[in-house]
Amino acid sequence: MSTLDGRFVALSECLVAKGHRLEMGAAAVPGIHYNLTGDGTMYVGDNPPIVLAPHTLIVVPPNVPFRIEVAVADSESPTLKTVDGRVHTISTEGIKRFIAGEGAPDLIMICGFFTASYGHAADLFCTLTTPIVEQFDASDELDQKFRRALSELVVQEVGAGAMSAALLKQVLVTLLRRSLVTLNTWVERFSIISDPQIARAFAEMASNPGAAHTIRSLAQCACLSRSAFMARFAAVMGRPPMIVLRELRMRQAAKHLKVNTLSIGQVARNVGYASRSSFVRAFRGVYGRDPSAYRDHVKQARVA
């Protein structure tokens, strides 16, 4: 983890009262948001809604807008009043606040934007396309780290930038540890931070699993010989590169099948298989059932 580097670009507070919706625009860098208190719902781009409870942490992909909603329980009128956070802001005590609603807020969230990289590789979250969601609790003390980071950026004393960067790293390490326990699919990003050359190759695979990747092309991406690349990749990831590529492709295929708009042949081609039968065998090997059966299972689960 010594090669992990990060810094907050900006930190602020989002305050939302019941019956309101706070609209936030997209940022060029990823966002990290921690719900301090209150319950609500967060929508990130076109992704499914995220239930917000105290100590919910969300990482929002770059260039994706989001909104926070706090409904009124048992309300006869479900309509929420929308506030554009990009134009409705105030600054008090040196803290920038985005406010939706008057009076005491029912939900308070620290909203930040940040960069995180490892070695000389690309940004750790540059290829993130869907939000990362983890539920923590008070004992994790992440709320204290976010508050301290916010205070450091406000006072701007000597070393404030270094202190806030150190706090961000603590948050990311805590996020890593939690993801290793919950086995979230994005954890591979952290598994490779010790080897930037392997990280570059993995980022190429993860950003476009359906491309015609080969050991040779991936080794060239990593600036390594074929044998050195295979050995180092297996040492870092615990599996050969083609096995990891197959798993990435199957994850992408599963996402396509859940949408239920593409034929099995189209899904196969999108994830890099020219042969439908080869794709079906590979998918069955990972998910234990044929793609069509997987799609039917997902459809039945939604109905239930």
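Residues are called buried under 20% relative accessible area, exposed over 50% and partly exposed in between, with a 1.4 Å probe and protein chains only. By this scale, D106 is partly exposed, at 32% relative accessibility. The model is predicted, so local features need pLDDT of at least 70, side-chain atom pairs count only at pLDDT 80 or more, and totals for chains, interfaces and linings use all residues. Residues are numbered from 1 along each chain as its sequence is written, and side-chain values use heavy atoms, with hydrogens and water left out.

The protein has 304 residues, of which 44% count as buried. It holds ten helices and twelve strands. These elements are DSSP runs numbered from the N terminus: helices are H or I with at least four residues, and strands are E with at least two. Contacts were also counted, a contact being heavy atoms within 4.5 Å. Among contacts between residues at least 6 apart in sequence, 72% join residues at least 24 apart.

D106 gives a local example. This residue sits in the loop between β10 (95-100) and β11 (107-118). Its C-alpha atom is separated by 6.1 Å from that of K18, and the two residues are 88 apart along the chain. Leaving aside residues up to four places away in sequence, D106 touches V16, A17, K18, T37, G38, D39 and V70.

Salt bridges were examined next. A salt bridge is a side-chain nitrogen of Lys or Arg within 4 Å of a carboxyl oxygen of Asp or Glu. The structure holds five of them. One joins the side chains of R21 and E69, with N to O at 2.7 Å. R21 belongs to strand β2 (residues 20-24) and E69 to strand β7 (residues 66-70), so this pair ties together parts that are 48 residues apart in sequence. R21 counts as buried, at 18% relative accessibility. E69 is also buried, at 10%.

E69 has a further partner. Its salt bridge with R67 brings the closest N and O atoms to 2.8 Å apart. R67 is partly exposed, at 25% relative accessibility.

E247 pairs with R239, the closest N and O atoms being 2.3 Å apart. R239 is partly exposed, with a relative accessible area of 27%. E247 is among the buried residues of α7. An α-helix has 3.6 residues a turn, so residues three or four places apart point the same way.

Helix α7 (residues 241-259) has 19 residues. From first C-alpha to last, α7 reaches 28 Å, close to the 27 Å expected at 1.5 Å a residue. The expected span is 1.5 Å times one less than the number of residues. N260 follows α7 and has a positive phi, near 70°.

On a 1 Å grid over the protein atoms alone, a cavity is a set of points where a 1.4 Å probe fits but cannot get out; lining residues have an atom within 4 Å of a point. Grid points are joined across faces, edges and corners, and a volume is the space filled by probe spheres set on the points. The count comes to one cavity of 30 Å³ or more. The largest cavity has a volume of about 40 Å³. Its lining has 13 residues, of which A27, V60, P61, V64 and F113 lie nearest the centre. By class, ten lining residues are nonpolar (Ala, Val, Leu, Ile, Met, Phe, Trp, Tyr, Cys and Pro), three are polar (the others, Gly among them) and none is charged (Asp, Glu, Lys and Arg).

Definitions and conventions. On a 1 Å grid over the protein atoms alone, a cavity is a set of points where a 1.4 Å probe fits but cannot get out, and a pocket is an open set with protein on both sides within 12 Å along at least five of seven lines; lining residues have an atom within 4 Å of a point.
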